[in-house]
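Please read it alongside the sequence and the model.

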Amino acid sequence: MMLFTKENVRAMKANAKKPEMERKPIVKLFAPWCAATWLVSEYNEDTGEMYGLCDLGHGYPELGYLMRQEIEEITGPFGLRIERDRHWENDGRTLVAYADEAREKGRLEA
């Protein structure tokens, strides 16, 4: 499965031009074999660098950078890979709002 559609990439590029407090997550990625989840708001096609909310399921969700190549190389049990949640839609909140809630609860609920 493709991590991003062309529409996702366009939206993340537009997000990068907005003030940080206005950026909204565009894509939800997850590991189907564990609790790891990422809400990605920005993506640089030239470098492969992404920015978003990362929750690896250890109780400490955080905002940070990740590399697309590294995410694509992760292989779980039985050859499972990181997937994009095709049914997830942002409920209108900013990435910062998702991060605040996730830190308060100790996990990302998206």
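In what order do the elements of the chain run from the N terminus on? The order is α-β-β-β-β-α-β-α, and the chain accordingly contains 3 helices and 5 strands. The model is a predicted one.

**The chain as a whole**

The radius of gyration of the chain is 13 Å, which agrees with the value near 13 Å that a compact globule of 110 residues would have. Along its principal axes, the C-alpha trace spans about 40 × 35 × 25 Å. Of the 110 residues, 39% count as buried, and the chain exposes about 6700 Å², 49% of which is supplied by carbon and sulfur atoms. Among contacts between residues at least 6 apart in sequence, 50% join residues at least 24 apart. The charged side chains comprise 16 positive and 20 negative ones, and the centres of these two sets lie 5 Å apart.

| Residue | Relative accessible area | Class |
|---|---|---|
| Thr 37 | 12% | buried |
| Glu 109 | 34% | partly exposed |
| Phe 78 | 86% | exposed |

Thr 37 belongs to strand β2, which covers residues 37-43, and it counts as buried because its relative accessible area of 12% is under the 20% cut-off. Its side chain reaches the backbone oxygen of Ala 35 at 3.3 Å. When neighbours within four places in sequence are left aside, Thr 37 is in contact with Lys 28, Leu 29, Phe 30, Leu 53, Cys 54, Asp 55 and Leu 108.

Phe 78 is located in the loop between α2 (68-73) and β5 (83-84), and this residue has a positive phi of about 60° although it is not a glycine. With a relative accessible area of 86%, which is over the 50% cut-off, Phe 78 is therefore classed as exposed.

Glu 109 lies in the segment that follows α3 (95-105). Which side chains make polar contacts with the side chain of Glu 109? One partner is the side chain of Lys 105, at 2.9 Å, and another is the side chain of Arg 107, at 2.6 Å. Leaving aside neighbours within four places in sequence, Glu 109 is in contact with Arg 93 and Glu 101. From C-alpha to C-alpha, Glu 109 and Asp 55 are 9.7 Å apart in space, although 54 residues separate them in sequence; Asp 55 is also one of the residues in contact with Thr 37.

Note on methods. Residues are numbered from 1 along each chain as its sequence is written. This is a predicted model: local features need pLDDT of at least 70, side-chain atom pairs count only at pLDDT 80 or more; totals for chains, interfaces and linings use all residues. Side-chain values use heavy atoms; hydrogens and water are left out. Helices (H or I, at least four residues) and strands (E, at least two) are DSSP runs, numbered from the N terminus. The radius of gyration is taken over C-alpha atoms; the globule rule is 2.2 Å times the number of residues to the power 0.38. Buried means under 20% relative accessible area, exposed over 50%, partly exposed in between (1.4 Å probe, protein chains only). Contact means heavy atoms within 4.5 Å. Accessible areas come from the Shrake-Rupley method with a 1.4 Å probe; for residues, only the protein chains shown count as cover. Lys and Arg count as positive and Asp and Glu as negative; His and the chain ends are not counted. The place of a charge is taken as NZ of Lys, CZ of Arg, CG of Asp or CD of Glu. A polar contact is a pair of N or O atoms within 3.5 Å; within protein, one must be able to donate a hydrogen and the other to accept it, and residues adjacent in sequence count only if both atoms are side-chain atoms.
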